[in-house]
Amino acid sequence: MNSIMDKIEPPVYVDTLVVPKVNPLIWGNIPSKSKSKDLQSKDLQLQKLQRPIVKALIALANMLSEETSPEQQEVLALLAYTNFEVNVFRRETIKPDLNPKYLPLCKADVKITINLFGEDLGKVVRDMNEHQKVASVTKIGAATKEGVRYKPYF
């Protein structure tokens with residue numbers, strides 16, 4: 001099977017049709033006790049499962065012309081969706097080892113590229129920290145009024 005998969009090359013205009021790697025910034029900051037053989041094994045098994053899916057996606061995309069049938073488009077969409085779900089599941093296996101304030105990185109709307117948690121992770125984390133600062137200011141403001149009954153006519 002590996003010899004077949006090794007022959008399949010992605011189109012030059014699509015560089016994200018790969019099995020994404022876990023961002024080094026995230027993998028490097030997972031505590032070593034958590035980065036057990038179990039977590040590494042799960043991620044490697046998922047990557048092993050994902051590789052034929054990605055290669056099938058590439059092969060199908062290479063075969064299709066501009067005039068594709070609806071059935072061909074549906075098969076391509078199903079393979080792409082399967083690949084996306086495997087990526088989301090890989091994130092979920094890492095999620096318990098993330099700092100709780102960075103759990104939004106595991107949301108499905110964080111774009112997956114050649115890295116599992118997307119590109120420019122530093123910028124995303126800085127933005128998250130800024131959003132959390134703003135949210136904490138508003139929560140503190142609301143907390144000071146907590147327990148005080150609203151008296152509109154006094």
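This is a predicted model: local features need pLDDT of at least 70, side-chain atom pairs count only at pLDDT 80 or more; totals for chains, interfaces and linings use all residues.
The protein contains 5 helices and 0 strands, which follow one another along the sequence in the pattern α-α-α-α-α. Of its 154 residues, 27% are buried. The accessible surface amounts to about 11,000 Å², and carbon and sulfur atoms account for 60% of that area. Among contacts between residues at least 6 apart in sequence, 68% join residues at least 24 apart.

Helix 4 covers residues 70–94. Beyond its neighbours within four places in sequence, Asn83 is in contact with Gln50, Ile53, Val54 and Leu57.

Val110 belongs to the loop between helix 4 and helix 5, the latter comprising residues 121–144. Its relative accessibility is 17%, so Val110 also counts as buried. When neighbours within four places in sequence are set aside, the contacts of Val110 are Arg91, Pro104, Leu105 and Phe117. The C-alpha atoms of Val110 and Val88 are 9.9 Å apart, at a sequence separation of 22 residues.

Asp6 and Arg51 pair through their side chains, with an N to O distance of 2.7 Å. This pair links distant parts of the chain, with Asp6 in helix 1 (residues 2–7) and Arg51 in helix 3 (residues 37–63), 45 residues apart. Both partners are partly exposed: Asp6 has a relative accessible area of 47%, and Arg51 has a relative accessibility of 27%.

A salt bridge also joins Asp43 and Arg90, whose closest N and O atoms lie 2.7 Å apart. Because Asp43 is in helix 3 and Arg90 in helix 4, this pair ties together parts that are 47 residues apart in sequence. Asp43 is buried at 5% relative accessibility, and Arg90 is buried at 0%.

In the salt bridge between Lys123 and Asp127, the closest N and O atoms are 3.0 Å apart. Both residues lie in helix 5, separated by 4 residues, or about one turn of the helix. In an α-helix there are 3.6 residues a turn, so residues three or four places apart point the same way. Lys123 is partly exposed, with a relative accessible area of 41%, and Asp127 is likewise partly exposed, at 33% relative accessibility.

How values were computed:
Residues are numbered from 1 along each chain as its sequence is written. Side-chain values use heavy atoms; hydrogens and water are left out. Helices (H or I, at least four residues) and strands (E, at least two) are DSSP runs, numbered from the N terminus. Contact means heavy atoms within 4.5 Å. Buried means under 20% relative accessible area, exposed over 50%, partly exposed in between (1.4 Å probe, protein chains only). Accessible areas come from the Shrake-Rupley method with a 1.4 Å probe; for residues, only the protein chains shown count as cover. A salt bridge is a side-chain nitrogen of Lys or Arg within 4 Å of a carboxyl oxygen of Asp or Glu.
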